[in-house]
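Hi everyone, thanks for coming.

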Amino acid sequence: MDPLAAGLIGAIFPIIKDGQTGVVSAMAGFDLTFSQFRILFVLDSEGVDLAVNELAERIQLSLPAAGRAIDAMVKVGLVSRREDDSDRRVKRIALATAGSDALEKIGNSRRQAAERFVNKLDDEERAALATAVATLSGLTSKYFADSPWAVGKPYCSPESPK
């Protein structure tokens, strides 16, 4: 592995791990499986209603498994289901307000971990980190311009980048 990439992962991994307990607790609070969390994330990232088969493909679940996960999410109001305007056989799935709220709460766990870290820093460390973050933000904006989670999203992808 490139030493710079390893250093980057080594630098941010402790903050990510610190937030994981809160992330898992938030997911449990919504009674979400990891597959259901991925469905919420994909719907949010895409920004459009998706057919069940499209969701199944994106999260790499079988159509029946995706259908069961979606059924459970519809029941609790995290997503909504409607007929496609041009083909009534196709069911479109949309992120509901409760689903957005769930993602926000899960994202809060990650933000709280970053806050805990930053709050421990002295003024000199804060200034050095601010410079590094400004550089990193510029680079991620440049190289991940088309990635919906890299531009202003309060949470990170639950999956590895493609």
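I'll start with a helix and its neighbours, then go on to a sheet and a few single residues.

Before that, some ground rules. This is a predicted model, so to say, with local features needing pLDDT of at least 70, side-chain atom pairs counting only at pLDDT 80 or more, and totals for chains, interfaces and linings using all residues. Residues are numbered from 1 along each chain as its sequence is written, and side-chain values use heavy atoms, with hydrogens and water left out.

Okay, helix α2, residues 34-46. Its axis and that of helix α5, residues 97-119, come within 10 Å and cross at roughly 105 degrees. That makes α2 roughly perpendicular to α5. On the words: under 35 degrees is roughly parallel, over 145 roughly antiparallel, 65 to 115 roughly perpendicular, and the rest oblique. The axes are lines fitted to C-alpha atoms, for helices over the stretch in contact, and angles run from 0 to 180 degrees between N-to-C directions.

Who touches whom? From α2 we have Phe37, Leu40, Phe41 and Asp44, and from α5 Gly99, Ala102, Leu103 and Ile106. Contact, by the way, means heavy atoms within 4.5 Å.

Now α2 and α4. They pack at an angle of about 75 degrees with axes 10 Å apart, which makes α2 roughly perpendicular to α4. Gln36, Ile39 and Leu40 of α2 meet Ala69, Ile70, Ala72 and Met73 of α4.

Let's stop at Ala69, which is found in helix α4, residues 63-75. Is Ala69 buried or exposed? Buried, at 11% relative accessibility; the cut-offs are under 20% relative accessible area for buried, over 50% for exposed, and partly exposed in between, with a 1.4 Å probe and protein chains only. Setting aside neighbours within four places in sequence, Ala69 is in contact with Gln36 and Ile39. Meanwhile, the C-alpha atoms of Ala69 and Leu139 are separated by 36 Å, and these residues are 70 apart along the chain.

The structure holds 1 aromatic pair. The rings of Phe34 and Phe37 have centres 6.3 Å apart and planes at 50 degrees, so the pair is tilted. For the rule: rings of Phe, Tyr and Trp (its six-membered ring) pair if their centres lie within 6.5 Å, with planes under 30 degrees apart stacked, over 60 edge-to-face and the rest tilted. Both residues lie in α2, 3 residues apart, about one turn of the helix. Phe34 is partly exposed at 42% relative accessibility, whereas Phe37 is buried at 2%.

On to the sheet. How many strands form it? It has 3, in the order β1-β3-β2, open and with antiparallel pairing; two strands pair if DSSP finds at least two bridges between them. β1 (50-51) and β2 (79-83) stand at the edges with a single partner strand each, so one side of each has no neighbour in the sheet. β2 and β3 (residues 91-95) are joined by 5 bridges, and Arg81 stands opposite Ile93 in β3. Here's α2 again: it packs on the sheet, touching β1, β2 and β3, and its direction makes about 85 degrees with that of β3.

Last, two loop residues. Asp31, in the loop between α1 (3-29) and α2, has a positive phi of about 55 degrees although it is not a glycine. Asp31 is exposed, at 67% relative accessibility. Gln60, in the loop between α3 (52-59) and α4, also isn't a glycine, and its phi is positive, near 60 degrees. Gln60 is exposed, at 72%.

Note on methods
Helix = DSSP H or I, 4+ residues; strand = E, 2+ residues; numbered from the N terminus.
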